[in-house]
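Please consult the sequence and the structure shown here while reading.

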Amino acid sequence: MSTDEPVRYEDASRQYRSQGFEADAQLEATVYVPSIDFTFKTDPLDTSRCDFAVMGTEVNGKYYEATKG
């Protein structure tokens, strides 16, 4: 769930901008890489906590247009 606290990152030299709102987040996941027979599992959802998350939009590359100010 996002908050009302805005967040913005922009690096014109790399044609990158991300903007959104701080958010609370939790995640539980299992990842398997067959080519190396590797499996990773996160901690359970009920113990998952984030230090920082952003819900928003991102632009980069040919879709990037520098903002002024």
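Among contacts between residues at least 6 apart in sequence, 46% join residues at least 24 apart; a contact means heavy atoms within 4.5 Å. The model is a predicted one, in which local features need pLDDT of at least 70 and side-chain atom pairs count only at pLDDT 80 or more, while totals for chains, interfaces and linings use all residues. Residues are numbered from 1 along each chain as its sequence is written, and side-chain values use heavy atoms, with hydrogens and water left out.

The secondary structure comprises 0 helices and 5 strands, in the order β-β-β-β-β from the N terminus. Helices (H or I, at least four residues) and strands (E, at least two) are DSSP runs, numbered from the N terminus. Of the 69 residues in the protein, 13% are buried; buried denotes under 20% relative accessible area, exposed over 50%, and partly exposed the range in between (1.4 Å probe, protein chains only). The accessible surface amounts to about 6000 Å², and 52% of it belongs to carbon and sulfur atoms. Accessible areas come from the Shrake-Rupley method with a 1.4 Å probe; for residues, only the protein chains shown count as cover.

**The β3–β4 hairpin**

Strands β3 and β4 pair in the antiparallel sense over 4 bridges; pairing requires that DSSP find at least two bridges between two strands. The two strands form a hairpin with 4 residues between them, and Asp37 in the turn has a positive phi of about 50°. Val33 has Phe38 of β4 as its bridge partner.

Val31 lies in strand β3, residues 30–33. Together with Ile36, Phe38 and Phe40, Val31 makes a nonpolar surface patch of about 390 Å².

**Ala29 and Thr42**

Ala29 lies in the loop between β2 (16–23) and β3, whereas Thr42 is found in the loop between β4 (38–41) and β5 (54–60). The backbone nitrogen of Ala29 is 2.9 Å from a polar atom of the Thr42 side chain. Ala29 and Pro44 are 15 residues apart in sequence and 8.4 Å apart in space, C-alpha to C-alpha.

| Residue | Residues in contact |
|---|---|
| Ala29 | Phe40, Lys41 and Thr42 |
| Thr42 | Leu27, Glu28 and Ala29 |

Ala29 counts as partly exposed because its relative accessible area is 25%. Val31 is likewise partly exposed, at 41% relative accessibility.

Terms used. Patches are made of residues with over 30% relative accessible area and no salt bridge: like charges are joined within 9 Å, nonpolar side chains (Val, Leu, Ile, Met, Phe, Trp, Tyr) within 5 Å. A salt bridge is a side-chain nitrogen of Lys or Arg within 4 Å of a carboxyl oxygen of Asp or Glu. A polar contact is a pair of N or O atoms within 3.5 Å; within protein, one must be able to donate a hydrogen and the other to accept it, and residues adjacent in sequence count only if both atoms are side-chain atoms. Lists of a residue's contacts leave out its neighbours within four places in sequence.
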